[in-house]
Every structure is written in structure tokens, then in C-alpha cells.
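Try each task before you read its solution.

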Amino acid sequence: MMLTVDRVVAAPPAAVWGVLVDLDAWPKWGPTIRGARLDEPHTELALGVTGTVQTSLLVPVPFVVTDFEPGRHWAWTVAGVPATRHWVEPMDHGARVGMAVPWWAAPYLTVCAIALRRIDAMLTGAR
């Protein structure tokens, strides 16, 4: 069972998606991420792509993209553990962006809500 949080953003779905899959943007919206890189030869997120994410504890941790539909959603495992799922849903005047975590990671939903607020601010200037 996954627990979810979402937010409506007044930005085009493609722009929201772009922020979700841009590793350079992750530290800007992800409170627990200091950096990320993909393993060679990968240059962008896709199903099965591997990489390393540097956490706020400054520990580099391996990840694998386990679910990926371009423009719609992606999920990953971090250090072999199922982690967040990210998605974008087109709406009339923008997009609904959301994140889901496994039930046992319920406290992390607060971090995800902060991330969604930051994504909104990055794209629209909202606070």
C-alpha cells in the first residue's frame, strides 16, 4: 500500500515533468537530496536506469528506476528499498503533481509535501 500527497500546479504538465526528471533540479526541490548522477552510459531517466543519489547525510546511495512512463510517472528503489513514486496528471489549467511512499515510510510524506511546494514555487513563483 502506498500513501500519497499531491498538489495542483499552474504550469504545463511537460514543465512539471521536466523538473521531476532533471537530476540537477532534485536538490532544489528535494529536501533530503544534495545531488544525483546517472551511471554510464545513461544520460536521462528511463526504466532500469541506475545511478547514485547523495542524501542530506552526504552518503551516496545507489538507485534503480523501477517504473517509468515518459511524461506521466516514475518510481525507484534506493539502496534496494522501494522509495518514492512521482507522477504528473494533466489538468485544465496546469497539472496535478504527486508523490507516493510505502506505508511504512508515512512520515516521509511531510518531506514530499515540501518538495511539491518547492516544485510549484520553481515553476510559478508560488509560495
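**Exercise 1: salt bridges**

Searching the whole structure turns up five salt bridges (a side-chain nitrogen of Lys or Arg within 4 Å of a carboxyl oxygen of Asp or Glu). A word on the ground rules: this is a predicted model, where local features need pLDDT of at least 70 and side-chain atom pairs count only at pLDDT 80 or more, while totals for chains, interfaces and linings use all residues. Residues are numbered from 1 along each chain as its sequence is written, and side-chain values use heavy atoms, with hydrogens and water left out.

Task: work out which residues are linked with R96 in a network of salt bridges.

Solution: 
- Start with D6: its side chain meets that of R96 at 3.2 Å, N to O. R96 sits in strand β7 and D6 in strand β1, so this pair ties together parts 90 residues apart in sequence. (Strands are DSSP runs of E, at least two residues; helices are runs of H or I, at least four, both numbered from the N terminus.)
- Next, E89 and R96 meet in a salt bridge at 3.9 Å, N to O.
- Put together, D6, E89 and R96 make up the network.

**Exercise 2: a helix-to-strand link**

Task: find the salt-bridge partner of D120, then say whether D120 is buried or exposed.

Solution: 
- The partner is R7, at 2.8 Å, N to O.
- D120 belongs to helix α3 and R7 to strand β1, 113 residues apart.
- D120 is buried at 6% relative accessibility, whereas R7 is partly exposed at 24%. (Buried is under 20% relative accessible area, exposed over 50%, partly exposed in between, with a 1.4 Å probe and protein chains only.)

**Exercise 3: a threonine in β5**

Task: which residues does T77 contact, leaving aside neighbours within four places in sequence?

Solution: 
- Locate T77 in strand β5 (residues 73-78).
- T77 is buried, with 19% relative accessible area.
- Its contacts (heavy atoms within 4.5 Å) are P62, F63, V64, T66, P82 and A83.
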